[in-house]
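Here are a few notes to read alongside the model. Keep the viewer open and follow the points in order.

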Amino acid sequence: MDAQLEVILTQTRNRTPLVTVNNLPDSHADLTPKQLRALAAVLCKAADEGEARPMDPKHFKQKRRLYDI
């Protein structure tokens, strides 16, 4: 598994939060329980940050983030 997960915090056409994940493990990734928990924690953090961002046109700005796994 990559040492970092890259995400783009953005929004849908309806101005709702959207998180694009660029480097999830392959479709047949073998992950230990520890790795799964680390990935889940990072995905939850990205979801929280995505929801916390302003979505109105005046204040919205797309943001690229790297999360350590």
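**Notes on the predicted model**

1. Gln 11 counts as buried because its relative accessibility is 14% (buried means under 20% relative accessible area, exposed over 50%, partly exposed in between, with a 1.4 Å probe and protein chains only). Gln 11 sits in strand S1; strands (E, at least two residues) and helices (H or I, at least four) are DSSP runs, numbered from the N terminus.

2. A word on the ground rules. This is a predicted model, where local features need pLDDT of at least 70 and side-chain atom pairs count only at pLDDT 80 or more, while totals for chains, interfaces and linings use all residues. Residues are numbered from 1 along each chain as its sequence is written, and side-chain values use heavy atoms, with hydrogens and water left out.

3. What does the side chain of Gln 11 pair with? One partner is the side chain of Arg 15, through a polar contact of 2.8 Å. A polar atom of the Gln 11 side chain also lies 3.1 Å from the backbone oxygen of Met 55. A polar contact here is a pair of N or O atoms within 3.5 Å; within protein, one must be able to donate a hydrogen and the other to accept it, and residues adjacent in sequence count only if both atoms are side-chain atoms.

4. Setting aside residues up to four places away in sequence, Gln 11 touches Thr 16, Pro 17, Leu 18, Met 55 and Phe 60, where contact means heavy atoms within 4.5 Å.

5. Now to the overall layout. The protein has 1 helix and 3 strands, in the order β-β-α-β from the N terminus. Of its 69 residues, 19% count as buried. The C-alpha trace spans about 45 × 20 × 15 Å along its principal axes.

6. The largest nonpolar core is made of 7 residues: Leu 5, Val 7, Leu 9, Leu 39, Val 42, Ala 46 and Tyr 67. Apart from neighbours within four places in sequence, Ala 46 is in contact with Val 7, Leu 9, Val 19 and Tyr 67.

7. Finally, do look at Leu 31, in the loop between strand S2 (17-21) and H1. Leu 31 counts as partly exposed because its relative accessibility is 23%.

Conventions:
A nonpolar core is a set of buried Ala, Val, Leu, Ile, Met, Phe, Trp, Tyr and Cys residues joined through side-chain atoms within 4.5 Å.
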